Amino acid sequence: GEKYAEFDGKGMLYHAFSCFFFERLHKQGIATHFIERCSPIAMRVHKLRIVPLEMVYRRIAAGSLCKRTGLPKGEQLREPIVEPYYKRDVLGDPILAPAHIFLMELVSPTAYKQLVQQTRVLGDLLTTWLREVDFELVDMKLEFGWDVHSSLLLGDEISPDTMRIWDRHTGESHDKDVFRHDLAPLIPRYQEVARRLQIDV
């Protein structure tokens, strides 16, 4: 939110990414809010009551993890970790300990365990899919919500804006950091990810 710009075709590109990943996740038996792709700019989804947590899956040190821990950028973690962040813009979306989450009754311990487990499963799947096309998943943010049946579903979007993706050979970013740090023109980097994944935009 600290930097703003508009890009021609960005919405259609992000929509294509999300539809591609949601459809692929459905084939793996993963429950999401996605129902169907209606047009190049619209999809039909289940209405969700969004969990006030952003679940972040991390495999490689980057971004705020480096700032908080002193780990060097690019260091491979011994195993992936999951971090919960409070969805409150006025507070800067702070990272929370489980004790804080239960103190504020944001979710129950059972639901939190489910969120962590589902985040790990999704992170591992995306890692595999991106490696197949020579990208490394560094980290990613996921959001979940409860549907009318109180089932916990993956919601929001899945795109290079919600993850960090590095080329496995060059180390180049193909994600939100391209725009954030003015590394290169944004859309061509995202289009390269779509091309390798064979996403029809």
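**Entry 1: Phe21 and the core**

I began with Phe21 and looked up its contacts, leaving out residues up to four places away in sequence; Phe21 touches Leu126, Trp129, Ile158, Met163 and Leu197. I note here that the model is a predicted one. I then asked which residues have the most contacts inside the largest nonpolar core. They are Phe17, Phe21, Leu53, Val107, Phe144, Met163 and Leu197, in a core of 50 residues.

**Entry 2: The chain as a whole**

I next looked up the secondary structure and recorded six helices and nine strands. The radius of gyration is 17 Å, close to the 17 Å that the globule rule gives for 201 residues, so the chain is as compact as a globular protein of that length. Along the principal axes, the C-alpha atoms fill a box of roughly 45 × 45 × 30 Å. I also looked up burial and found that 46% of the 201 residues count as buried. For the accessible surface I noted about 10,900 Å², with 51% of this belonging to carbon and sulfur atoms.

I then turned to contacts with a separation of 6 or more, and residues 24 or more positions apart account for 60% of them. For the charges, I recorded 27 positive and 29 negative ones, and their mean positions lie 3 Å apart.

**Entry 3: Leu13**

Is Leu13 buried or exposed? Leu13 has a relative accessibility of 3%, which is under the 20% cut-off, and therefore it counts as buried. I located Leu13 in helix H1, which covers residues 10-27. Residues up to four places away in sequence aside, Leu13 touches Ile187, Tyr190, Gln191, Ala194 and Val201. I also checked the C-alpha distance from Leu13 to Ile95: the two are 82 residues apart in sequence and 30 Å apart in space.

**Entry 4: Ile41**

Where is Ile41 found? I located Ile41 in the loop between strand S1 (34-39) and strand S2 (42-45). Its relative accessible area is 64%, over the 50% cut-off, so Ile41 is exposed. Apart from neighbours within four places in sequence, Ile41 is in contact with Met12 and His15. Finally, I looked up Ile41 and Gly155, which are 114 residues apart along the chain, and their C-alpha atoms are separated by 17 Å.

How values were computed:
Residues are numbered from 1 along each chain as its sequence is written. This is a predicted model: local features need pLDDT of at least 70, side-chain atom pairs count only at pLDDT 80 or more; totals for chains, interfaces and linings use all residues. Side-chain values use heavy atoms; hydrogens and water are left out. Helices (H or I, at least four residues) and strands (E, at least two) are DSSP runs, numbered from the N terminus. The radius of gyration is taken over C-alpha atoms; the globule rule is 2.2 Å times the number of residues to the power 0.38. Buried means under 20% relative accessible area, exposed over 50%, partly exposed in between (1.4 Å probe, protein chains only). Contact means heavy atoms within 4.5 Å. Accessible areas come from the Shrake-Rupley method with a 1.4 Å probe; for residues, only the protein chains shown count as cover. Lys and Arg count as positive and Asp and Glu as negative; His and the chain ends are not counted. The place of a charge is taken as NZ of Lys, CZ of Arg, CG of Asp or CD of Glu. A nonpolar core is a set of buried Ala, Val, Leu, Ile, Met, Phe, Trp, Tyr and Cys residues joined through side-chain atoms within 4.5 Å.
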